[in-house]
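Have a look at the fold before reading on.

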Amino acid sequence: MAYRFLSSRIVPSSNRLNRRFIFIFTISLSFMYLCYSILFCSGTIMPNQRLEEHRCVHLKNMGSKKLLQKSHYCTISAKARVISDETRAVTLLNLTGNQSKHSAFQKTQDVVDHKQSNNSNSPKYGNKKLPNALIVGVKKGGTRAVLEFIRIHPDVRALGTEPHFFDRNYDKGLDWYRGLMPRTLDSQITMEKTPSYFVTREAPRRISSMSRETKLIAVVRNPVTRAISDYTQTLSKKPDIPSFEELAFKNRSQGIVDTSWNAIRIGMYILHLENWLQYFRLSQIHFVSGERLITDPAGELGRVQDFLGLKRIITDKHFYFNRTKGFPCLKKPESSSQPRCLGKSKGRTHVQIDQEVIEQLREFYRPFNVKFYEMVGHDFRWD
């Protein structure tokens, strides 16, 4: 009887111990699996994801659209990747109950903010800086061509639009101006172009107050041709304006030119240059010939690259002459199916001006041109 009694008590006790051992063992395995999953997500998936991001950037830089399309990660929108990262971060936080809520939220926000900044439309590197160099003029001289040509250099980042900061928007402050600039690395040059700076009285002083070491580029052109081009552009927008002759002269019979007309005043380069030289050394100003920019774009861009301290990467191989437009265009980039020419407004046919009027204006500009040649040490042969 005693043996049966003890056996009836011992067996159930042994079963309970076995069940308890199995339960504890199961919990331990689950906990180990959970820890392994956390370590795997944070240590393996995320680095691989970063590698995929770098691979996407590399493929984009190469212009390889086919490879980008084959990559599943590259086809996911930036916003979707941010949401996915945010969800993953929240999941990880739920698994780490030993952190305070404030600390956990802050780490989650850091992950999301980092991804949002990396996946924005702006470049994923560098900082916004005030310009190292400015194309300051002149209007209808070829400033747009110089900007478009020089910005294909890998060490140049340029603002595409004209900010007009030093002539129209100066009251908005340097922080506003800096915010317009593209992001650049320390080794890259930040540029912008606004042709009206060259004839704005306050511009040299204002630019000098930003930085006395700013490099300045002025694209100059035969002042008579430039004035006609200026008038042609205005006429396309305002067809009812007076004739070129009426605007250019106060008294044509006596040959008195109206220097208050902006189209005439801009071409008096020496007067504007004297204002700039009150604030900048002549060596800080590089003059591009608008005429040679058409006949020898690679040569002019080579000198611009030298002036900016850049390696001569832009050469003859980048250009071809477009006979329809009458000026050079950039050859087709590897990532595009079309060559890059300037807009329809560039290369428009000038209005016909009486040859006698042209000769009168040449006589007017001649003394200004001679002084300008002497000042810059170069004869542009406009006479």
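## The sheet

How many bridges join S3 to strand S5? There are 3, and S3 and S5 (residues 189-193) run parallel. Within that pair, Arg157 sits opposite Thr190 of S5. Strands here are DSSP runs of E, at least two residues, and helices are runs of H or I, at least four, numbered from the N terminus; two strands pair if DSSP finds at least two bridges between them.

Zooming out, S3 and S5 belong to an open sheet of 5 strands, paired in parallel in the order S3-S5-S2-S6-S9. S3 (156-158) and S9 (285-289) are the edge strands with a single partner each, so one side of each has no neighbour in the sheet. On average, neighbouring strands are turned by 25° against each other, direction ignored.

## About the model

This is a predicted model: local features need pLDDT of at least 70 and side-chain atom pairs pLDDT 80 or more, while totals for chains, interfaces and linings use all residues. Residues are numbered from 1 along each chain as its sequence is written, and side-chain values use heavy atoms, leaving out hydrogens and water.

## Helix H15

After H15 comes Gly377, with a positive phi near 75°.

Definitions and conventions. Axes are lines fitted to C-alpha atoms, for helices over the stretch in contact, and angles run from 0 to 180 degrees between N-to-C directions.
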